[in-house]
Amino acid sequence: ILSKKLALSVTHVGLDVRVFRDGNFGTKWDEAEENSRMFIRVATKLGLKAVAFLTDGDAPCQPFFGRGESLAALNALLSGTADGWLLAHAHNCIRMAQLTIHNSVATSAPAETLRRCREVLSQHLASQGASYEDLERRASKILQEHIHATTACSAGYVRVNTSAIKKAIAQVQTEHATTNGKFPDPAGIILLVRPGDAVQQGDRLATFRTTDDP
């Protein structure tokens, strides 16, 4: 991680340390904290200003899973149509970035930051021969492909296995990459409820898309 920052002459490093069963910095909070402190010490010796943020990797921080779904989430944020769950995640990311650079949270409103992000992204896409309108069309197509849904089999409280969702999507992506020999985007999931929410039998829990039979 640090070698890449040094190669690009980066001076400030913010690391989101996700604590969960497959976490690179540890599966337990104390282990992840110890490794994060080590990361910061090494970064300091290399002349970098580093900060680590420990987050719960077992709980989904936002409802979109999948490559195309990431574009749909980004477009929702930058177009002002994001729901509370996704918007809260974006605000947390903004605060992390501000703390990494300024060691404090800046006074600019999240909405202004997102507006500036859209401007920068539009310029970046234009430099690559694309446009923000292309991203909007792709995001719209992804959402239209969410024709499948999973529902609660009984009343209760929602639990989400984030690792299982990511592994399932990654497995399908790998299979399609082997078959098609190109950058694959065959499946994705959008959660409709948060962990801990109460649901009744038949309530929709998530929508998903797949190029294969569900």
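Hi everyone, and thanks for coming. Please keep in mind that this is a predicted model.

Let me start with charges. A search of the whole structure turns up 13 salt bridges. One of them pairs Arg-21 with Asp-58, at 3.8 Å from N to O. Those two come from distant parts of the chain, 37 residues apart: Arg-21 is in the loop between strand S1 and helix H2, and Asp-58 is in the loop between strand S2 and strand S3. Asp-58 counts as partly exposed because its relative accessibility is 33%.

Now to Asp-185. Arg-138 forms a salt bridge with Asp-185, and their closest N and O atoms are 2.9 Å apart. Again the pair links distant parts of the chain, with Arg-138 in helix H6 and Asp-185 in the loop between helix H7 and strand S6, 47 residues apart. Arg-138, at 30% relative accessibility, is partly exposed. Asp-185 also meets Arg-209 in a salt bridge, at 2.6 Å from N to O. Arg-209 sits in strand S8, so this pair ties together parts that are 24 residues apart in sequence. With a relative accessibility of 3%, Arg-209 is buried. Through shared partners, salt bridges join Glu-69, Arg-138, Lys-141, Glu-145, Asp-185 and Arg-209 into one network.

Next, His-146, which lies in the loop between helix H6 and strand S4. Is His-146 buried or exposed? His-146 counts as buried, because its relative accessibility is 12%. Setting aside neighbours within four places in sequence, the residues in contact with His-146 include Glu-69 and Arg-209, along with Ile-189, Ile-190 and Phe-208.

On to a helix pair. Helix H3, residues 67-79, packs against helix H4, residues 84-102, at an angle of about 85°, with the axes 10 Å apart. That angle is why H3 counts as roughly perpendicular to H4. H3 brings Ala-73, Ala-76 and Leu-77 to the contact, and H4 brings Leu-86, Leu-87 and Ala-90. By type, these residues are six nonpolar, no polar and no charged.

Last, the cysteines. How many disulfides does the structure hold? The count is zero. For Cys-93, the nearest cysteine sulfur belongs to Cys-61 and is 6.8 Å away. Cys-93 is partly exposed, at 35% relative accessibility. Cys-117 is partly exposed, at 38% relative accessibility.

That's my tour, and I'm happy to chat.

Notes:
Residues numbered from 1 in each chain as written. Predicted model: local features only at pLDDT ≥ 70, side-chain atom pairs only at ≥ 80, totals over all residues. Heavy atoms only, no water. Helix = DSSP H or I, 4+ residues; strand = E, 2+ residues; numbered from the N terminus. Buried < 20%, exposed > 50% of the residue type's maximum accessible area, 1.4 Å probe, protein only. Contact = heavy atoms within 4.5 Å. Disulfide = S-S within 2.5 Å. Axes fitted to C-alpha atoms, helices over the stretch in contact; angles between N-to-C directions. Parallel < 35°, antiparallel > 145°, perpendicular 65-115°, else oblique. Nonpolar A, V, L, I, M, F, W, Y, C, P; charged D, E, K, R; others polar. Salt bridge = Lys/Arg side-chain N within 4 Å of Asp/Glu carboxyl O.
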